[in-house]
Amino acid sequence: MSTTGNGPETNGPELPSQIDTSVAHSARVWNYWLGGKDNFPADRAAGDAYRGKYPLIETFAQESRDFLRRTVTYLARDAGIRQFLDVGAGLPTANNTHEVAQRIAPDSRIVYVDHDPLVLLHVHALLTSTPEGATAYVEADMRDTDAVLAGAAKTLDLTQPVALVISDVLGHIVDWDDALSLVRRLVERLPSGSYLSLSHSTASDDAHRAVQDEYNASGAIPYIFREPEVTVAFFDGLEMVEPGMVSWPNWRPDANTGTTTDRAGWGAVARIP
């Protein structure tokens with residue numbers, strides 16, 4: 001694992017001053033659990049501590065990522081979507097949205113949105129593209145939906161269908177009404193025939209909730225668990241794709257899908273009418 005900002009993946013740039021590598025960061029801990037390289041000793045220590053108390057957390061991270069892979073596959077292969085707006089993209093690991101989409105449809109165009117300075121440092125890994133397609137990055141807070149859409153419009157044609165991908169990041173918005181409003185503002189600005197692919201973590205059991213509460217109290221960026229009976233409201237007014245709102249492993253599983261949990265995270269894909 002890289003412990004400085006000067007490794008081969010950064011092509012030599014110094015870490016931005018606002019990155020405090022002495023404090024664990026949720027995106028970097030997640031990156032560590034997924035086997036990524038963009039993390040630091042504090043992140044690995046926090047990740048190891050969490051995993052030591054709740055060993056399934058690493059599997060949950062993999063299942064969340066696999067939900068992304070399968071939903072993007074569906075959108076590109078079955079729904080015919082060629083434009084993707086990935087909001088709150090996080091650090092690049094394996095099976096990023098553009099990699100999955102462009103394997104199926106090389107002319108796919110993908111825009112990533114994040115405001116984490118470490119993501120910007122490694123954004124070159126998200127900007128690789130097929131010659132036929134395109135990838136771009138918008139540095140913006142996902143709550144600033146005007147900035148998100150203005151930035152996306154430089155690469156995507158927002159008069160044509162777009163897949164809005166929000167992969168397990170809305171728990172970082174502590175206020176429920178703020179999270180719901182964010183999604184609705186974005187959905188309302190996309191044309192008919194677009195899609196929303198969204199996932200959200202919940203507690204698998206009381207032990208999982210207790211470890212997350214301890215993590216949230218540690219000074220790291222908190223993540224708020226929400227139950228699927230609540231988060232299904234993100235899809236109000238949309239046309240749910242079968243099998244609807246289900247746990248990650250139960251959304252159109254394939255030969256590579258794990259079956260460890262039915263509780264840690266839920267998600268769905270829906271068409272915008």
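Predicted model: local features only at pLDDT ≥ 70, side-chain atom pairs only at ≥ 80, totals over all residues.
Residues are numbered from 1 along each chain as its sequence is written, and side-chain values use heavy atoms, leaving out hydrogens and water.

Helices (H or I, at least four residues) and strands (E, at least two) are DSSP runs, numbered from the N terminus. Strands count as paired if DSSP finds at least two bridges between them. Strand β5 (residues 195-201) runs antiparallel to β8, joined by 7 bridges, with S201 opposite G265. Strand β6 (residues 239-240) is also antiparallel to β8, over 2 bridges. Another antiparallel partner, β7 (residues 246-247), has 2 bridges to β8, and there V246 faces G267. Because 6 of the 7 residues of β8 (residues 265-271) are buried, this strand is largely enclosed by the rest of the structure; buried means under 20% relative accessible area with a 1.4 Å probe, protein chains only.

Now to the nonpolar cores, sets of buried Ala, Val, Leu, Ile, Met, Phe, Trp, Tyr and Cys residues joined through side-chain atoms within 4.5 Å. The largest has 49 residues, and Y50, L75 and F84 have the most contacts inside it. Helix α3 gives the most to this core, with 9 residues. Beyond its neighbours within four places in sequence, Y50 is in contact (heavy atoms within 4.5 Å) with residues including W33, H208 and F225. Another core, of 36 residues, lies apart from this one and includes A140, L182, V183 and F235.

Methods: Buried < 20%, exposed > 50% of the residue type's maximum accessible area, 1.4 Å probe, protein only.
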